Amino acid sequence: MWRSTAAPAPNSRVCSSTFMRVLHEQRELSAELLANEQTQAPYTVLLLGTFGSALHESVTPYFYLKTGASLSEIGRINSIILASGVVAVPRHAIKLDPLP
């Protein structure tokens, strides 16, 4: 059996405890968003959209290649997709939670 001779990462317990704390906070936030009637539907749509798009993300470039897109066109398409998220998310966040 192979064994690593590398020393453990410094502060690995701190990193682990921080990770567990963040994971716990995220779970609590999810429970709160799903329990609230006003945020339940948008949060569910967000989760389904995120997980749904993640499932096909790895095969999308092959689809683009099959339709005849070049590698540079695939890059442009992905850039547009990412840029639209960067533009849309703050706009929707301001609509959902307006500044005072």
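**Reading the model**

Tutor: The protein has 4 helices and 0 strands, where helices (H or I, at least four residues) and strands (E, at least two) are DSSP runs numbered from the N terminus. This is a predicted model, in which local features need pLDDT of at least 70, side-chain atom pairs count only at pLDDT 80 or more, and totals for chains, interfaces and linings use all residues. Residues are numbered from 1 along each chain as its sequence is written, and side-chain values use heavy atoms, with hydrogens and water left out.

Student: How many salt bridges does a search of the whole structure find?

Tutor: A salt bridge is a side-chain nitrogen of Lys or Arg within 4 Å of a carboxyl oxygen of Asp or Glu. Here the search finds 1 salt bridge, in which the side chains of R21 and E25 meet at 3.2 Å, N to O.

Student: Where do R21 and E25 lie in helix 1?

Tutor: R21 and E25 are 4 residues apart in helix 1 (residues 12–35), so about one helical turn separates them.

Student: Is R21 buried, partly exposed or exposed?

Tutor: Buried means under 20% relative accessible area, exposed over 50%, and partly exposed in between (1.4 Å probe, protein chains only). R21 is partly exposed at 45% relative accessibility, and E25 is partly exposed at 40%.

Student: What share of the 100 residues is buried?

Tutor: Buried residues make up 6% of the 100 residues in the protein.

Student: Which helix holds L71, and is L71 buried or exposed?

Tutor: L71 is in helix 4 (residues 71–96), and L71 counts as exposed at 67% relative accessibility.
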